[in-house]
2 protein chains.
Amino acid sequence: PDTLRIRQATDRQQALTKPPGSLGRLEQLAVQLAGLQKTEQPTVDPVRITVFAGDHGVCEEGVSAFPQEVTAQMIANFAGGGAAISVLAKQLDASLEVVNLGTVGEVPELPGVRDEQIAPATANLAVTNAMTEDQVCAALASGDAAAERAADAGCRLFIGGDMGIGNTTSAAALACALLNQSPESLVGPGTGLDTAGISRKSQVVDRALKRHGDNTDPLTVLASLGGFEIAALTGAILGCAARGIPVLVDGYIVSVAALLGVFQQPALRDWLLFAHRSAEPGHARVLEALDAKPLLDLGMRLGEGSGAAVAVPLLRAACALHNNMASFADAGVSNKDTAS
Amino acid sequence: PDTLRIRQATDRQQALTKPPGSLGRLEQLAVQLAGLQKTEQPTVDPVRITVFAGDHGVCEEGVSAFPQEVTAQMIANFAGGGAAISVLAKQLDASLEVVNLGTVGEVPELPGVRDEQIAPATANLAVTNAMTEDQVCAALASGDAAAERAADAGCRLFIGGDMGIGNTTSAAALACALLNQSPESLVGPGTGLDTAGISRKSQVVDRALKRHGDNTDPLTVLASLGGFEIAALTGAILGCAARGIPVLVDGYIVSVAALLGVFQQPALRDWLLFAHRSAEPGHARVLEALDAKPLLDLGMRLGEGSGAAVAVPLLRAACALHNNMASFADAGVSNKDTAS
């Protein structure tokens, strides 16, 4: 962040025709973006949304309310425009791309879908490392390449989304390992498990953590307990920050990917804006670890980057107000200090 | 609300390609709007924003951080495009109109500003009734006429905004009288009073309440403790509901106007959506009285309808998702029930 730009933007907010501070977090967002983008006129457009998809071997433990074939089917739904993130991207006029890192179901060639498959699925993290070191590197590289495409396209904001049946199990295991938490505190219903299902999922995460041990090196944790799409998200987030693109972080899965990135490079934290608090109960603990206060709390828990997409207009409003409001001097409005 | 439409919309949400409930409050918003608008395809466009402005005699008690001339100056700023609500309305492609109900400062003829002045200001509510019965009727009628213009223009969502130096004093007095609360619980810093200023403002409200007595009839309370713009907001909100237009309620001032409307006609409540929780501390108590859970909590406290304007994209997202997402059947995606 550029401290001169931050000071300039802070001064400008004080001069605009409103009681100082009365736009609340919208003021802070504009100042933060001005500092990150090193500009007097922050903007989030064009917005890039990249959804990373991958299947999880741990599904054989019965950890999800939905069948594994849904991952591949949803990739087709993203491309066809019928998924939540497709509808939101269109409404936002944001470019949407989908990266397929490996699905059990077959995915035909589809417009807007990149085939970067590593394997049909990760290995079952309850019994063995989810990924080899080579697979982790491939997934991180896929994410970094997405960041590079966003930079090449001049994008000013990046949203990563996730699709992968079983990925809340992986995310919970990752967060437990990184934050030294018990499965109970980070395992939730995901797409809709009942109480018995959550209990079974907790036991699966517990087995995974016992197998994993207490290593907290982010790349080791990722290989042991992660997923292709989660590793790619970490790569994309790190890659965006390295290229000067702020990242609007979605829900539980993306926040865990961001947490891995921050463990890897603490300075990454400056580049992260947090869109929403998911209804998935473990998200609150991950946000706390990231010292993040998300903008929205609407009970969403869909993934795909949908919560971040819904928050984009808040950033747009913050930028428009910062860039286009009149100052007291320009508008001939009496300021507080000149009170008669 | 149309119970058949609500059931249809609820069924549709269950059929869309997402775990049921995973869009959280966006699902509820779409269902609510479908019921209110009696349609399968809810929409909030076109959006009408009407800002009502008026001056307050109670300013002579020194209750505001800003001088009274600011009310008239800000009307010019609304028309000139430099105010927060002007910037937001333009960004949203919403029509913005300003209704001047009476200002101490002179306002020249300006495009988009309707001159419906009742008097230069209300009387000082600390010492006498703020408005005569005729003045209350005139202000309510101005608001109702704004609702009629919105209906004639085919608007599907109405936002009322407020401008009036001193109006948090009036709003606090009104809420205290309606809800039988102490001034301390509802008086706050407004545009930026310090602790001593808040204490003085509380004493002014206390004098007003002692003068007023315990009458809770909404029109009597309005005449005794209200403001022109607050009465007009009440008229506009009631007028929109009567014409089948949902209202997105802004912050403290507009919520108090809505509370007056609900005291007058309890069925009004169904037509109200709540945009945000203001940083003005009394707002929480008013929201509670209205059983309202606002969508945003961004620490805003500007008025002008700005908090509601910032929330419009959330309603647009809710409608777009409801109207445009594919169903499990259409997209060929396996549902939870068919889990293998």
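**Before you start**

Residues are numbered from 1 along each chain as its sequence is written, and chains are lettered from A in the order in which they are written. In this predicted model, local features need pLDDT of at least 70, side-chain atom pairs count only at pLDDT 80 or more, and totals for chains, interfaces and linings use all residues, while side-chain values use heavy atoms, with hydrogens and water left out.

**Stop 1: the interface**

Show chain A and chain B together. Each chain brings 53 residues to the contact (contact means heavy atoms within 4.5 Å). The two chains bury about 4300 Å² between them, 66% of it on carbon and sulfur atoms. Buried area here is the accessible area, taken with a 1.4 Å probe, that two parts lose on being put together, summed over both.

Now select Phe66(A), Leu298(A) and Lys336(A). In chain A, these residues lose the most area to chain B, together 13% of what that side buries.

How many salt bridges cross the interface of chain A and chain B? The rule finds 0 (a salt bridge is a side-chain nitrogen of Lys or Arg within 4 Å of a carboxyl oxygen of Asp or Glu). Polar contacts do cross: 18 residue pairs, both at pLDDT 80 or more. A polar contact is a pair of N or O atoms within 3.5 Å; within protein, one must be able to donate a hydrogen and the other to accept it, and residues adjacent in sequence count only if both atoms are side-chain atoms.

Color the helices of chain A next. Helices (H or I, at least four residues) and strands (E, at least two) are DSSP runs, numbered from the N terminus. H13(A) gives the largest share, 8 residues. By type, this side of chain A divides into 30 nonpolar, 17 polar and 6 charged residues. Ala, Val, Leu, Ile, Met, Phe, Trp, Tyr, Cys and Pro count as nonpolar, Asp, Glu, Lys and Arg as charged, and the others, Gly among them, as polar.

**Stop 2: Thr17(A)**

Select Thr17(A), in the loop between helix H1 (3-15) and H2 of chain A. Is Thr17(A) buried or exposed? At 2% relative accessibility, Thr17(A) counts as buried (buried means under 20% relative accessible area, exposed over 50%, partly exposed in between, with a 1.4 Å probe and protein chains only).

Thr17(A) touches residues of both chains, including Phe328(A), Val333(A), Met74(B) and Gly82(B). Its side chain makes a polar contact of 2.9 Å with the side chain of Asn77(B).

Move along to Lys18(A). Lys18(A) forms a salt bridge with Glu27(A), with the closest N and O atoms 2.9 Å apart. Both residues are buried.

**Stop 3: helix H6(A)**

Select residues 167-179 of chain A. The end C-alpha atoms of this helix are 18 Å apart, which agrees with the 18 Å that 13 residues should span (the expected span is 1.5 Å times one less than the number of residues). 13 of the 13 residues are buried, so H6(A) is largely enclosed by the rest of the structure. Just after H6(A), Asn180(A) takes a positive phi of about 55°.

Stay in helix H6 for Thr168(A). Thr168(A) is buried at 17% relative accessibility. A polar contact of 2.7 Å joins its side chain to that of Lys201(A). Thr168(A) also touches other residues, among them Tyr252(A) and Glu280(A).

**Stop 4: Glu97(B)**

Switch to chain B. Glu97(B) sits in strand S2 (residues 95-100). At 11% relative accessibility, Glu97(B) is buried. Ile49(B) is 48 residues away in sequence but 6.4 Å away in space, C-alpha to C-alpha. The side chains of Glu97(B) and Thr50(B) make a polar contact of 3.2 Å.

**Stop 5**

Over all chains, the search finds 22 salt bridges. Side chains of opposite charge can pair when their charged atoms come close.

Select Arg207(B) and Glu61(B). Their closest N and O atoms are 3.0 Å apart, in a salt bridge. The pair links distant parts of the chain, 146 residues apart: Arg207(B) is in helix H8 (residues 195-212), and Glu61(B) is in the loop between strand S1 (47-53) and helix H3 (70-80) of chain B. Arg207(B) is partly exposed at 38% relative accessibility.

End in chain A. There, salt bridges that share partners join Arg48(A), Glu97(A) and Arg149(A) into one network.

Notes. Lists of a residue's contacts leave out its neighbours within four places in sequence.
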